[in-house]
Amino acid sequence: MSSSDDTRTERAGAGDTVVEALGITKSFDEVLALDRVDLDLARGEVHALLGENGAGKTTISNVLAGIYRPDAGVIRVDREERHFRSPAAAIEAGIGMVHQHFRLIKPMTVAENIHLGWADTPGVITRTMLEERTARVMDEVGLHVDPAAEIWQLSVGEQQRVEITRTLARGARILILDEPTAVLTAQEARELFTVMRGLVAGGRTVVFISHKLNEVLEVSDRITVLRGGRNVVTRPTYGATPRELARLMTGEAREVTADARAAPGDQPVLTIEGMTARGARGSIALHDLSLTVYSGEIVGIAGVSGNGQTELAEVVAGLRRPDEGRILIGGVEHTLSSPRRVVDAGVGHIPEDRLGVGLVRTAQVRDNAVLRSYWNSDNSGRLGLHRGRIAEFARRLVESARVQTSSIHATAGHLSGGNQQRLIAGREALIADRVFIANQPTRGLDVHSTQDVRESLLARRAAGCAVLLISDDLDEVLEMSDRILVMYEGSVNGEFRRGAADRERIGLLMGGHVAEAELESGAR
Amino acid sequence: MSVAVGSRSIRLERRLHVDPRRSALIRVIGLLASLVVVALLLAITGRDVPVLAGEILDTTLGTSFGLQSTAVLATPILLDAIAVAIPLRMRLWNIGVEGQFYVGALAAAGVGIYVDAPGPILLVLMALAGALGGALWILVPALARAFWNVNEIITTLLLNFVAIQWVTWFSIGPWRDKEAEVVSATPEVGARLPVLIENGILHIGFFLPLILAAAFFVVFRSWRWGYEVDMIGGNPRAAEFAGVDVRRRIMSVMLLSGALAGISGMVHLSGASGRLQGTISNQYGLSGFIVAALAGASFVALIAGGLFIALLLASGVALQGVGLSVYIVLAVYGLALIGIGVGEMASRYRLTIGDRREHPVGSERGPP
């Protein structure tokens, strides 16, 4: 990125205003989501929208993209007042949005997805014609994905490129990317940034929604910070510091957890020996992997996602059967234990896909609170549930985990993302007497929720629990872990003590460059 | 969704929270509205609506016989509705209750005709046979769903036609009542459910769905099994995460559903019809299905809905009795269901009427 920094400062502020939003107000039921928000976008800039969950970033974007109609306020595109009745009207004016959750049809090809519902699609089509047209469009916008591939075959990063291509093909000059890096690996995020810089170099405007400070500082020209549905500031990126932005975002200076921590114990709590296991598609995901986590220790797993991290978590949690190897929890063999026996052995697990696996969104908070403990003697007898005790437990959990909910009878799906994760993390922390597995525990969370979840990991550590932290966020791994293991193609590819870790070497190991990393470490 | 009327715009907004009491009230309003439409249509075609209404009330609620026949009609509908509601808690659709009802009746008839035992014991044996028959009829769809993820909607539906053919074949073929020279039915079964009132038709089977609904209400409220089924219905992957054996639950829920539908067939056979024939079910499975779906698999709402549908069907008989064509009767039935269905949808939305001047960025002009 260093080479582009210079050109970026030059370009900042150079473009004309293409979109102007003034006094945008929008409320849902009685909740005011946007309160007189102003936003101006210049041609040829990456404009970051920064804010915590619920700050209004996505809402203002949806207003610009014609998905929501504001209750009050004016939108001007090229100095002309516009009222978008639909996303189609917005894209006709040149504003297109790529949503956080992709809207692609998985069993259809890239070419078919790009042409679906597009006014330019010819009336009579053939497969080859669609693929040729797609290749041409991709050449024009400078993004490349195999037009004949079906969506489900693509990586998340590639799917995102299809979404971007689809939006650009429809004539978007202003491209809004809603939390585009939340689903990407570090590598893919970097590639996306290159794409974004290329787009603005071509005169387009990119709105980049994020709450990751480093990314915003790295890629944007200007930053607008929102908090609680209001403007806080709009400023050039040049000269901004992470500390300042964090303060603007949260409205307070939150101290990073102090580093005064006790040394880990010397009791091995979780031991994995020679583990080989297959992934969901039947290919080998873990290959002869061994690791040990000691009591009172956080072991962080760094790695590009898809290198066996999730399978590792699932094997330990009893959700996936290994082909070979052993798992010992507190010295007791649990290699083929059922998920329930693993829970009863004191293993808590924050799953990667928290909505898909960790919660029943249609069920009450109360029922979700005991999802992983309803069978124990506190909560039920042989047949019947102890409803009173379960409600009591849920109330205590909601309070201790700081879940903001109107009542334990509220539906879990109505909680915000941060509160859903607080509920899961709190529930699993209570289970984790011996081992706590946290897979991407703070992905997509705002600063406050992230802090709460990390504190619960540290609290388990302090209580002598063995914590296995899997995260794509290298900063998180470095900050939290006593020991860092790098995973590559299903095995541990490198190990670092806290403080002795070197980002560059970790990066090389994550990419499988064993020899180079070792060479370099030898040279030191 | 939004409609502009004059200077005002009317919009439908989805409600975040749906109050069940409110939802029930709106359904009743929807039903009443559709009855008003029915009354208007009948009035337009020159019928005397008050007289018709009086006739209906007399033949359904107004007389002991009317009440009894409504209750007899309600029994298989309610039992079938319970059979549908249980897998529906898990988001499994048993469209095959009709077929399981038939096979249950067939198995019960076989026992009832050919086994010689004292009345009460014979009834128990018939009930067991009915439950087994119904469970057997859903066994293959249940296995296919649990182990190969084959959609149960198709498999259960298709087996309905097979079941009806079997019953027809048995009742006009090998099991036909040759002595009485009945052409299309078997002899009467050896034991009948006791009737509640002397010389009446209401049998004790009517209490079975009421007891079962209360029992399952409790099971889904405070039993582990019910909790697990509900969690699977909400998110099967989360249930697996919680260590629930989802396949086993699919099997138990579907077999239970089939067994209940089979018992429904046995109850109707031994309580009402007495003989097995190809037309033993007057589409009770379909009615039960509609009741369970409209009740949202709630065991309380299901009882109210089932009794009401039985009342509608009984009214239909009354209307036919005074010379209305069967098609008009069916249209009345359909309209009433639509009314409830629309009410159910409507309770999830709110209507907002806003002055468009409050929404400057609303929609004065069309798209450029």
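A residue is called buried if 20 or more other C-beta atoms lie within 10 Å of its own, exposed if 12 or fewer do, and partly exposed in between, with C-beta atoms placed from the backbone. With 9 C-beta neighbours inside 10 Å, Asn149(B) therefore counts as exposed. The structure is a predicted model, in which local features need pLDDT of at least 70 and side-chain atom pairs count only at pLDDT 80 or more, while totals for chains, interfaces and linings use all residues. Residues are numbered from 1 along each chain as its sequence is written, and chains are lettered from A and ligands numbered from 1 in the order in which they are written.

Asn149(B) lies in the loop that joins α5 (119-148) to α6 (152-172) of chain B, where helices (H or I, at least four residues) and strands (E, at least two) are DSSP runs numbered from the N terminus. A residue of chain A, Arg402(A), sits in the loop between α14 (387-400) and α15.

| Residue | Phi | C-beta atoms within 10 Å |
|---|---|---|
| Arg402(A) | near 55° | 16, partly exposed |
| Asn149(B) | near 55° | 9, exposed |

Helix α15 of chain A (residues 417-431) has 15 residues and reaches 21 Å from its first C-alpha to its last, close to the 21 Å expected at 1.5 Å a residue, the expected span being 1.5 Å times one less than the number of residues. Because 13 of its 15 residues are buried, α15(A) is largely enclosed by the rest of the structure.

In chain B, helix α7 (residues 207-222) packs against helix α12 (residues 299-321) at an angle of about 160°, with axes 9 Å apart; axes are lines fitted to C-alpha atoms over the stretch in contact, and angles run from 0 to 180 degrees between N-to-C directions. The two helices are therefore roughly antiparallel, a term for angles over 145 degrees. Leu210(B), Ala213(B), Phe216(B) and Phe217(B) of α7(B) meet Phe299(B), Val300(B), Leu302(B) and Ile303(B) of α12(B), contact requiring C-beta atoms, placed from the backbone, within 7 Å. This contact has eight nonpolar, no polar and no charged residues; Ala, Val, Leu, Ile, Met, Phe, Trp, Tyr, Cys and Pro count as nonpolar, Asp, Glu, Lys and Arg as charged, and the others, Gly among them, as polar.

Between the chains, 37 residues of chain A are in contact with 22 residues of chain B. The largest share of the chain A side, four residues, comes from β4(A), and the residues of that side divide into 18 nonpolar, nine polar and 10 charged.

Terms used. Angles under 35 degrees count as roughly parallel, over 145 as roughly antiparallel, 65 to 115 as roughly perpendicular and the rest as oblique. Two residues are in contact if their C-beta atoms, placed from the backbone, lie within 7 Å.
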